[in-house]
Amino acid sequence: MPENNVLLSVKDLHTWYELRKFGFIRVGYVRALDGVSFDLRYGEALTIVGESGSGKTTLLKTILGLVPPTKGVLEFAGKKVDASNLLWLRRQVGYVQQDPYGALPPFMNVRRILLEPMVINKVGRPAEREARIREVLEEVRLVPVDDFLPKFPHMLSGGQQQRLVIARALVLNPKLIVADEPVSMLDASVRVEILDLMRRVQKAHNLGVIYITHDLSTVRYFSERVFIMYAAKVVEKADVRGIVHNPLHPYARALLSAIPDPDHENAHRFKDVPPGEPPSLVKPPEGCRFHPRCTQKILGLCDREVPPEFEPSPNHFVSCWLYR
Amino acid sequence: MAERSISAKETVRDQPNASQFLLNVSNLRLYFKTTKGVVQAVDNVSFSLGRRRSLAVLGESGCGKTSLARAILRLLPRNIHTFSGEIVLDGVDLMKLDEERFRREIRWRKLSFVPQAAMNALNPVLRVGYQVAEPLIVHFGLDRDEAFKRAEEVARVVGLPVDFLNRYAFELSGGMRQRAIIAMALITRPELIILDEPTSALDVLTQANIMNSLKKIKQEFDVTYILITHDIATSSELADEVLVMYAGQLVEHSPAARFYKTPAHPYAQKLMASVPTLREDKTLEFIPGQPPSLINPPKGCRFAQRCPYRFERCAEDPPAFSLDGGGVARCWLLAR
């Protein structure tokens, strides 16, 4: 473990997708990720909140090495990640997908699904593999293990499928788990169970976790640090309390006020939400990307200059000119 | 249609009495035949809904909430085993109408539907405006120009920019497509609109915007909503009344003001306790176990196996007990 305790370091990461016409004429780029930097320590849980198209899934795919970054550096456990050590990286990163049923091969039973990562990565001897399968199944509480081993994904409920996906992510003893909306497809009563499980696993193994979601209300039950993304950039970084009780960026404020808590009074109130839609990432607006929808914009500044990161209170970073 | 809305405005806005109920559903059963047996998707559901009230139907996936909507709309698949009970809409017994009369007299005219993920079902080769206006042309025989004029009015109400009506579905964002679908459901001025998960696939801000529009529509037009959703927090934005379903049965039907504070049925309590809240610190709970299979469901209370308050009487089927301050819940704990 390097002395600075950083598991994953992302520096000025850009991922642009090329847009082509007729398959070969380059007509531009979709700037899905445009300059994101952060450090994740060992055993730290980080939540990234953003709407669809804000680049959160691209960030995750770049971290997993599924898409090569256009620019920027990705360091994992002190080593720079490039094409030569992708296999090494993927052995240490577990991936929990959004749709458990879609993520599990329907023709493999539970034993085979959990064996597969070990076979591919040539880990362990058969007896060790079997023991490891039982261990992870117990850890995610798919017990009694013997009942579950021969089952196929369609025989499991949604919650059990998601447990199996988590077990598969854990089977190689990763250092980092990335979870892409792990509970958005599940019912309310099961959601909490899965979040609890992930939290317990994280603490037990001192795992780094990157949890991606659009649902801010689950965040406080899961992580300490929250990033808010808008149009391919991180606009605010803070701890959960800071985001929930004192959001600074106008977008973060709008996002928070848009989330209802179950309360009858909601039916008599209109929400104060900014009109419009997130901008196109092919030609993002000049300056701050939120300025076309922002009610507090400073003309001549917000529409010209890209806001740098300010730190109005300790460890609460925001990219907005209001805090210069 | 204009006449209807004028006469409807004269009725009282408060809790309606029996004669003012727009919709009366009693002993509704909808069973499906499958290769594994008969699935009791909706089992003996009864409720009434007053005019200009909005009802949120809550429940987890597979609890029969969409089947309930489909039964009211009579949009049914072929493998029906049983379809019985009474559905009275505005004094007309829908079960007595044949398919042709139902299609001509009820659908669109009195009742319209926003299905789940409907925004992805817009026809890609027709302009959005035509699709919004189509029910008027087809069902009411209006000519194109008049229908398009009405489409523009409705588009304004739902917050769809009028020039978007000349575009195709792929040129619109998800939120705008959903608005187009709502405009379509609204254009014939039906009395009852059934919304099946209208915002579930949308982003938080878009969702809040659409909820604002739905509230505005409710104030401006005389519509009654049935909102089917699994998202309890969002349901509170629109609901006057809440109906909770579990394993094909109604377990609680309460006024929203009471329900979101103190739900009566143990399942509803557990469900509320599992909803994460943003602003308030609480320990979240989950419900261990799974809902029973709807093929040969257990006798008695269907929630009994997962219920922390289970006792001997739960082996019998609980009737609907009325609650203080209105509403009913089916649980033996309420027997006095």
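This is a predicted model: local features need pLDDT of at least 70, side-chain atom pairs count only at pLDDT 80 or more; totals for chains, interfaces and linings use all residues.

Reader: What makes residues of chain A count as being in contact with residues of chain B?

Author: Two residues are in contact if their C-beta atoms, placed from the backbone, lie within 7 Å. By that criterion, 32 residues of chain A are in contact with 39 residues of chain B. On the side of chain A that touches chain B, α8 (188-205) and α10 (250-258) of chain A each supply at least two residues, and α8(A) gives the most, with six residues. By class, this side of chain A has 16 nonpolar, eight polar and eight charged residues.

Reader: Why is α4(A) called roughly parallel to α7(A)?

Author: Helix α4 (residues 110-120) and helix α7 (residues 158-170) of chain A pack at an angle of about 30°, with their axes 8 Å apart. Angles under 35 degrees count as roughly parallel, and α4(A) is therefore roughly parallel to α7(A). The crossing of α4(A) past α7(A) is right-handed.

Reader: Which residues meet where α4(A) packs on α7(A)?

Author: From α4(A) come A:V110, A:I113, A:L114 and A:P117, which meet A:L164, A:A167 and A:R168 in α7(A). This contact has six nonpolar, no polar and one charged residues.

Reader: Why are β6 and β11 of chain A said to stand at the edges?

Author: The open sheet of eight strands in chain A has the order β6-β7-β8-β3-β9-β10-β12-β11, with mixed pairing. β6 (93-96) and β11 (310-313) each have a single partner strand, so one side of each is left without a neighbour in the sheet. Neighbouring strands of this sheet are turned by 20° against each other on average, direction ignored.

Reader: What makes β3 of chain B mostly covered?

Author: A residue is buried if 20 or more other C-beta atoms lie within 10 Å of its own. In β3 (residues 54-58) of chain B, five of its five residues are buried. B:S54, B:A56 and B:L58 point one way and B:L55 and B:V57 the other way.

Reader: Which strands are joined to β3(B) by bridges?

Author: Five bridges join β3(B) to β8 (residues 224-229) of chain B, where B:L58 stands opposite B:T229. Four bridges join β3(B) to β9 (residues 241-246) of chain B, in which B:V242 is the bridge partner of B:A56.

How values were computed: Residues are numbered from 1 along each chain as its sequence is written. Chains are lettered from A and ligands numbered from 1 in the order in which they are written. Ala, Val, Leu, Ile, Met, Phe, Trp, Tyr, Cys and Pro count as nonpolar, Asp, Glu, Lys and Arg as charged, and the others, Gly among them, as polar. Two strands pair if DSSP finds at least two bridges between them. Axes are lines fitted to C-alpha atoms, for helices over the stretch in contact, and angles run from 0 to 180 degrees between N-to-C directions. Angles under 35 degrees count as roughly parallel, over 145 as roughly antiparallel, 65 to 115 as roughly perpendicular and the rest as oblique. A crossing is left-handed if the near helix is turned anticlockwise from the far one by less than a right angle, and right-handed if clockwise. A residue is buried if 20 or more other C-beta atoms lie within 10 Å of its own, exposed if 12 or fewer, and partly exposed in between; C-beta atoms are placed from the backbone.
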